[in-house]
Amino acid sequence: MIYQAFGAVLPSFIMMFVGYIYGKLFREDITLFNKIATWLMAPIVTFAFMNDYIPTAGVLLRYGMGFSVMFAISFLISRLHKEDREIFFTGNVYVNSGYLGYPVLMALWGERALALGVVYSFVNVFVGSTLLPALIRGKLELKNILKLPFLYAIILGWGFGIAGISYKQLPAGVLTAFNWLKEMAIPFLLLQVGLGISRIKFETSSIKGYSFVVVERLLLIPLMLLPIAFFFEPLEAKVFLLECAMPIGVNSVVVIGAFKKELVPKAGMTVALTTLFSLVTLPFWAYVIERIFG
């Protein structure tokens with residue numbers, strides 16, 4: 001199983017590495033690439049899987065409660081660090097549950113697992129865009145979440161699905177084009193992660209601090225959340241725990257930059273390091289999770 005898990009994770013990292021190499025070779029602005037990822041590819045895949053596999057309100061509630069526990073644990077752990085507390089808090093909360101999480105879940109457990117990953121990503125992005133900055137800045141700004149097309153894709157996909165309306169009912173030519181975009185989306189998003197990392201300025205002076213971030217994000221946090229998963233259905237538990245074991249998301253650097261720009265280089269380094277080490281830890285967690293929850 002662990003070899004299978006590594007084989008499922010490896011293609012995603014190859015795609016990210018390709019994006020990173022191209023980002024280093026060609027220094028042109030990648031703003032358009034980022035906008036296509038944010039405004040087209042991520043909403044397409046989100047809409048499709050929410051429409052195909054309609055999650056119940058119970059799933060959303062359970063994932064919301066589970067993520068709330070992770071949020072609280074991350075906040076408490078961050079208080080133990082006298083320096084760079086914001087980096088630890090943000091990094092442990094804002095994970096790469098979508099662009100990396102989707103393809104890994106798809107490879108391991110199929111489309112239904114990816115649909116559950118969309119629900120987890122919704123909770124992750126909602127908290128990461130509202131409550132996380134609020135605790136750090138002392139100001140709650142719900143308008144942040146309203147700027148994300150991801151949110152509207154979830155609402156539309158879910159709403160149409162409940163109403164019995166499927167994108168598969170589109171005219172043949174339109175459906176073919178939609179499916180092309182859907183199939184392109186995950187590889188495109190992985191390339192975008194690599195490109196994004198290639199643009200981050202790194203700070204290499206605090207090796208000890210980075211080690212703590214890697215251990216907390218990739219090992220300690222998912223381990224502490226393991227008991228929570230026993231309250232979920234087996235597939236829900238597997239998706240929840242593996243998403244909790246994902247590396248730090250690139251968007252965490254944006255959150256850090258909003259209130260402490262001097263920490264951006266260090267935050268960028270945590271994204272790169274956790275992403276690199278997750279090539280080892282994700283197959284490990286996939287193996288452990290599969291053994292426990294079948």
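A: A salt bridge here is a side-chain nitrogen of Lys or Arg within 4 Å of a carboxyl oxygen of Asp or Glu. Please keep in mind that this is a predicted model, in which local features need pLDDT of at least 70 and side-chain atom pairs count only at pLDDT 80 or more, while totals for chains, interfaces and linings use all residues. Residues are numbered from 1 along each chain as its sequence is written, and side-chain values use heavy atoms, with hydrogens and water left out.

Searching the whole structure gives three salt bridges. Let us start with D52 and K168, whose side chains meet at 3.5 Å, N to O. This pair links distant parts of the chain, 116 residues apart: D52 belongs to helix α2 (residues 31-52), and K168 to the loop between α9 and α10 (172-198). Helices are DSSP runs of H or I with at least four residues, and strands are runs of E with at least two, numbered from the N terminus.

How open are the two partners, buried or exposed? Buried means under 20% relative accessible area, exposed means over 50%, and partly exposed is in between, with a 1.4 Å probe and protein chains only. D52 is partly exposed because its relative accessible area is 22%, whereas K168 reaches 51% and so counts as exposed.

Next comes the bridge between E236 and R62, with 2.9 Å between the closest N and O atoms. E236 lies in helix α12 (residues 234-244) and R62 in helix α3 (residues 57-78), so this bridge ties together parts that are 174 residues apart in sequence. At 7% relative accessible area E236 is buried, while R62, at 27%, is partly exposed.

The remaining pair is E290 with K238, where the closest N and O atoms are 3.4 Å apart. Since E290 lies in helix α14 and K238 in helix α12, the pair ties together parts that are 52 residues apart in sequence. K238 is buried, at 7% relative accessibility.

Helix α14 covers residues 264-293 and also holds T275, which is buried because its relative accessible area is 8%. Leaving aside neighbours within four places in sequence, T275 is in contact (heavy atoms within 4.5 Å) with F13, M16, I197, P247 and I248.

Rings of Phe, Tyr and Trp (its six-membered ring) pair if their centres lie within 6.5 Å; planes under 30 degrees apart count as stacked, over 60 as edge-to-face and the rest as tilted. That rule gives 16 aromatic pairs. One of them joins F284 and W285 edge-to-face, at 5.4 Å centre to centre with 65° between the planes. F284 is partly exposed at 38% relative accessibility, and W285 is buried at 6%. Ring pairs also link Y63, F67, Y120, F232 and F240 into a cluster.

Finally, a lysine can also meet a ring. The charged end of K182 sits over the ring of F49, 5.3 Å from its centre; the rule asks for NZ of Lys or CZ of Arg within 6 Å of the ring centre and within 35 degrees of the ring normal. F49 is also among the residues touched by M106, not counting residues up to four places away in sequence.
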